[in-house]
Amino acid sequence: MNTVVGSVLESTDDKAAENAKVNVNNAMNNLRSAIDSCETSVSNMQGIYKNNLVPQMQKVLTNMSDSLNQVTNLVNTLSNTVKNVGVVMEGVGDTVSGTSESLGQIKDVVDNISAKLTDLTEKLDGASEEEMMDILVRFLGGDPDSLGAYFASPVTMETIAMYPVATYGSAMTPFYSTLAIWVGSTILVALVKVKASPKGLENVQSYQLYFGRYLLFFLLAQIQAAIIVAGDLWLLKVNIVEPGLFFLAASFTATAFSLLIYSLTLAFGDVGKAVCVIVMVLQIAGSSGTFPIELLPDTYQKIYIFFPFPYAIRAMREALAGMYGTAYMEALAKLSLFMIEGLLIGLVIRIPFVKLNHFVEERMEDTELM
C-alpha cells in the first residue's frame with residue numbers, strides 16, 4: 001500500500017491514478033480477508049482452550065491431587081506398620097528370651113530325670129524280682145493300693161437324674177396302668193351286651209341307640225380307671241409327681257379305649273372282639289412301654305404310631321416323672337384322634353355290616369352255643 005501511494009503521489013497521469021486506486025481497493029480487500037481469517041483462527045483457538053485444554057488440565061490436576069492423597073495415606077499406613085513391626089520385634093525379643101529361659105529349665109529337668117534313671121538302673125542291677133517291683137513303685141512315687149484301685153476303675157461316672165423315678169416298678173406304672181385300662185374295656189364288651197334294643201322306643205335313631213348304650217360303658221370305664229389310679233397311689237405307693245394329671249390321663253385313656261373297643265365290637269361283633277385282643281398283643285410288644293421303640297424290630301418301629309398305647313403311656317409318664325414342655329398335651333391330643341376313629345367306626349363304618357352281623361348272630365343263636 002505504501003508503494004502504491006508513493007507511485008500515486010509521483011504520478012500525474014490520470015490513468016496511473018486510476019490503476020493506483022484499483023490496486024488500493026484490492027489491497028484493502030485482501031487485508032479485510034486476512035483480518036477475518038485471523039478472527040476465525042482466534043475464535044477457534046479460544047474454543048479449543050475453553051472446551052478441551054482447560055477441562056483436560058483440570059482433570060490432570062484432579063488426578064494429581066488424588067494421587068498425592070493416596071501417597072499421603074500410604075505413607076501414614078507405612079509409618080504405622082513400621083511402628084507395629086517395632087512392637088512385634090520387641091515381642092519376638094521377649095519370646096526368644098522366654099524360650100531361652102524355658103529351655104534352660106527343661107535342661108535342668110532332663111538332667112534331673114537322667115540322674116534319677118541312672119540311679120534306678122544301678123539299683124535294679126543288683127536287686128531281686130520282688131525288690132525290683134518295690135523299687136519301681138517307690139520310683140514312680142505312688143501307693144500300690146491307690147494304683148491298683150485306679151487301674152481297676154480308671155473312670156468315675158456321675159449320673160444326674162433330670163426326671164428321677166424312685167423304683168423300676170414306678171417307672172413301669174404307666175405301661176401296666178394303660179394295659180389294665182385296655183383289658184378292662186375288653187372284658188366289659190365281653191360281659192355286657194353292646195347292642196341296645198329299640199323295644200318300647202318310638203322313632204329311635206341308630207345314633208341314639210349308640211350313645212345311649214355307650215354311656216354305660218363310659219361310666220364303667222371311668223370307675224375302672226379310678227380304681228387303677230387309686231391302687232397305684234395308695235396300694236402300690238407309686239411316686240407320682242402330678243397325681244391329678246395322672247388321673248386325668250387315665251380318665252382320658254379310658255374314654256378313648258372304651259369308645260374304640262365298644263365301636264369295634266358293635267360294628268363287627270365277635271370279629272371286633274378278636275381284633276381288640278390282637279391289637280392288645282401287638283401293643284404289648286411294640287408300644288415302647290417296656291423298651292425304647294428304637295430297640296425294637298423295624299416292623300414295630302413302623303406301626304407303633306398307629307396304636308393308642310404309646311400316647312397314653314407318654315401322657316402318664318409325664319404326670320409321673322415330671323412335665324416337659326407341651327408333651328403331656330400333645331399326647332392327649334393324639335389320643336383324642338382314636339376317639340374320633342371310634343365314632344367313625346360306630347356311626348358310619350358299621351352301617352354296611354348291620355345286616356351281616358344280624359345274620360351271624362341268628363346263626364349263633366341257632367347253634368344254642370350263645
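**Contacts and charges**

Mentor: S251 touches Q222 and A225, leaving aside residues up to four places away in sequence; contact means heavy atoms within 4.5 Å. This is a predicted model, in which local features need pLDDT of at least 70 and side-chain atom pairs count only at pLDDT 80 or more, while totals for chains, interfaces and linings use all residues. Residues are numbered from 1 along each chain as its sequence is written, and side-chain values use heavy atoms, without hydrogens and water.

Trainee: Is S251 buried or exposed?

Mentor: S251 counts as buried because its relative accessibility is 16%; buried means under 20% relative accessible area, exposed over 50%, and partly exposed in between (1.4 Å probe, protein chains only).

Trainee: How many salt bridges are there?

Mentor: A search of the whole structure finds 1 salt bridge, a term for a side-chain nitrogen of Lys or Arg within 4 Å of a carboxyl oxygen of Asp or Glu. D270 pairs with K273, and their closest N and O atoms are 3.7 Å apart.

Trainee: Where do D270 and K273 lie?

Mentor: Both are in helix α8 (residues 270-286), 3 residues apart, about one turn of the helix. Helices are DSSP runs (H or I, at least four residues), numbered from the N terminus. D270 is partly exposed at 42% relative accessibility, and K273 is partly exposed at 27%.

Trainee: Changing topic, which residues does T186 touch?

Mentor: T186 touches I261, C276 and V277, not counting residues up to four places away in sequence. T186 itself lies in helix α5 (residues 168-191).

Technical notes. Helix = DSSP H or I, 4+ residues; strand = E, 2+ residues; numbered from the N terminus.
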